[in-house]
Amino acid sequence: MSDQNKAGTEVRVGLLVTCLVDLFRPGIGFAAVKLLEDAGCVVSVPSQTCCGQPAFNSGDRANARAIALQVMDAFANVDYVVAPSGSCGGMLARHYPELFEDDPALSARSRAFAAKTHELVSFLVDVLGVQSVQAAFPHAVAYHDSCSGLRELNVRDQPRTLLASVAGLQLREMKDSDVCCGFGGAFAVKYSDISGAIVSSKTACVEASGAHTLLAGDLGCLMNMAGKLARDGSKIEVRHVAEVLAGMTDAPPIAAAAPEKA
Amino acid sequence: MTAYPTSPQFRENARAALADGQLQKALGNVRTNFIAKRAAVADRLPEFEALRDQARDLRDHVLAHLDVYLEAYERKVIESGGHVHWARTAEEASRIIVDLAKSRGARSVAKGKSMVSEEIGLNAALERAGIKAVETDLGEYIIQLRGEAPSHIIAPAVHLNQEDVEAEFRRVHTWLPKDRDLSEPESLLAEARAELRAKFLAADIGVTGANFLVAETGTSIIVTNEGNGDLSQILPRVHVVVASIEKIVPTLEDAAGLLRVLARSATGQEMSVYTTLSTGPRRADDLDGPQEYHVVLVDNGRSNMLGSEFEEMLRCIRCGACMNHCPVYHAVGGHAYGWVYPGPMGAVLTPSLIGVDKAGHLPNASTFCGRCESVCPVRIPLPKLMRHWREREFERHLSPAVSRAGLGLWAFFARRPALYRFVTGLTIRALAWAARGKGRFKSLPLASGWTAQRDLPAPQGQTFQAQWKAQQAKQRKRS
């Protein structure tokens, strides 16, 4: 399907599965693997924990640097590092170079590493030239632009391009799709009531869109919005965009109960 | 007025703000009006992004040569017949102005809108000296009646609704007939103007801030939409400009470039209604103007920011776009931040000026959504600077012990992949088992911060890495 294989060269992609996907929703990881393999990539999953963002955003540069080095070592032998997350992708691609800017050797290395790192959907479209996927999802969906993907990695049109090729899918743009959902990592817990107010504004926009399913590219935001919708008794389903693009939507949506077994 | 700062009580302030129905109604206007207007006016100007780059570069240039430009500016002010006073601290700045007023026998001071005058606590200092300060900006006038501080750097009364203002006018302007219509902003402005006209004429001293100080000419520039700044500085005998040292620009042309991004970013106007330049006192052939012209240049911590990781904050031209686009500001409003400067710019500037030990909540209470940086006319990397404050806090052990311990424990595992996989594998399976069939937790020990507001989605089952490893092993066996 991909242009890359016509040249006969193998595109080796290391999947940074992200800690949240690893722990909470591995299905997103398998959807990412399928999308990458369908596009002709050879996917590996180096041993990993987290990208270090919690330490970085808490002001703990020493641990952030140690974890960044661990990630750069683990993914040294792949052509690309791809994450199903704009937030973790942004950490590698924008913030690793900041962490090492005072160290000449590591600075160059982190910049080279940043240059080979991509968020999943923008990698498919911008790097591999994928314009369509083989999937069906006969529902109206709203797409939330997660902040880091949007503002650090310019992820905006790419998911919409691929969603347009999903059979039966109807995209209902919602108001303020580019406004933060209030997750913000530890912010959601530390300033719980402010976060709650922000996510309420977001879910009001989701409800007003009339969508059946809410999609986004970051599991942190999705867990926040799905958790709020579930708390409010909403019928709206929530999934990662990769699940829909890969046609892997058999698992129950995020925060939803498993269907009763007949 | 509330005693500043209340930043240490940010959490309590925020909680009260979230429960305040009138405030929440007023904040709705910030969410819609400012954002739509800025977007529209930026779209209409093809070179807007290039102008932002130029504005950033110009401000950086000024900060790199601040001493040179400040001295050049001082010379020009003196040449034009004015006086320059240097104030190291807020107290010094206030004292200089109070002494000036006392020595001129002043009884009342007319003030144009000025955030730095809030920063130095000027009104309170004047009042202690028995001198009445009259705010002449409509928004400032309203909050002065209410005994409040500004909640926004360009729209000080944005936390109020029209009916709040009407009620305040009817309370204070007791002479108003009951059938007088005050339902429109214009009618409120007319009422305030009628009342203020007499105060302008009675004022002995006019105090204004400055949007820019021009080094080549010794000129101060203010922008307003009501014209009150003009009257504040032309009618009284003495005009005092109070401005922080980083407001300098080299030339009038540079100021013009910054004006092009300022109003667009602030209110979505191409230009503010009034752009007022003042250079020195009244000259022999001038028809009006003050007899004396003074400039008070306030440092108050800014020179410490030069050369530090917070220097970029001094590029700020006080447009307010960052707070207009901030989801946290939208949720809690400006007063919750507890000091003069709210929103993202306040979250960086306030710890610099009053100490991170007092203002530590501010740079932490951000989702790092980055929308502030994306609209800043001088491209200040606000999230990055907030993160630098978190780093300072972490280094000085100012962050709460519980979160430090949690972070330390997490980092211990995150740096040991094999141990991490083992421990998370067990934990996740246990969690998935506990939530079996339900898909989410309504509450969970140690997760109350999360579940206070929303359910916690349950894990699907085994971790991705465990399943991947098993799958790879199976494939190897087959081949």
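Reader: On what basis are the domain bounds of chain B drawn, and what is domain 2 of chain B?

Author: Domain bounds come from an automatic or database domain assignment. In this predicted model, chain B is divided into domain 1, covering 7–304, and domain 2, covering 401–478.

Reader: What distance separates the centres of domain 1 and domain 2 of chain B?

Author: The centres of the two domains of chain B are taken over C-alpha atoms. On that basis, the separation is 53 Å.

Reader: How much area do chain B and chain A bury between them?

Author: The size of an interface is often given as the accessible area lost when the parts come together. The contact takes 67 residues from chain A and 61 residues from chain B. Carbon and sulfur atoms hold 60% of the buried area, which comes to about 5,600 Å².

Reader: Which residue of chain B forms a salt bridge with R231(A)?

Author: Between chain B and chain A the count is three salt bridges. In the one formed by R231(A), the closest N and O atoms are 2.6 Å apart. The partner of R231(A) is D455(B).

Reader: Which helix gives the most to the side of chain B that touches chain A?

Author: Between the chains, 27 residue pairs are in polar contact, both residues at pLDDT 80 or more. On the side of chain B that touches chain A, the greatest contribution from a helix is six residues, spanning part of 382–395. That helix is α20 of chain B.

Reader: How many residues on the side of chain B that touches chain A are nonpolar?

Author: That side of chain B also holds 19 polar and 15 charged residues. The nonpolar residues number 27.

Conventions
Residues numbered from 1 in each chain as written. Chains lettered and ligands numbered in written order. Predicted model: local features only at pLDDT ≥ 70, side-chain atom pairs only at ≥ 80, totals over all residues. Heavy atoms only, no water. Contact = heavy atoms within 4.5 Å. Buried area = accessible area lost by both parts, 1.4 Å probe. Salt bridge = Lys/Arg side-chain N within 4 Å of Asp/Glu carboxyl O. Polar contact = N/O pair within 3.5 Å; in protein donor to acceptor, adjacent residues only side chain to side chain. Helix = DSSP H or I, 4+ residues; strand = E, 2+ residues; numbered from the N terminus. Nonpolar A, V, L, I, M, F, W, Y, C, P; charged D, E, K, R; others polar.
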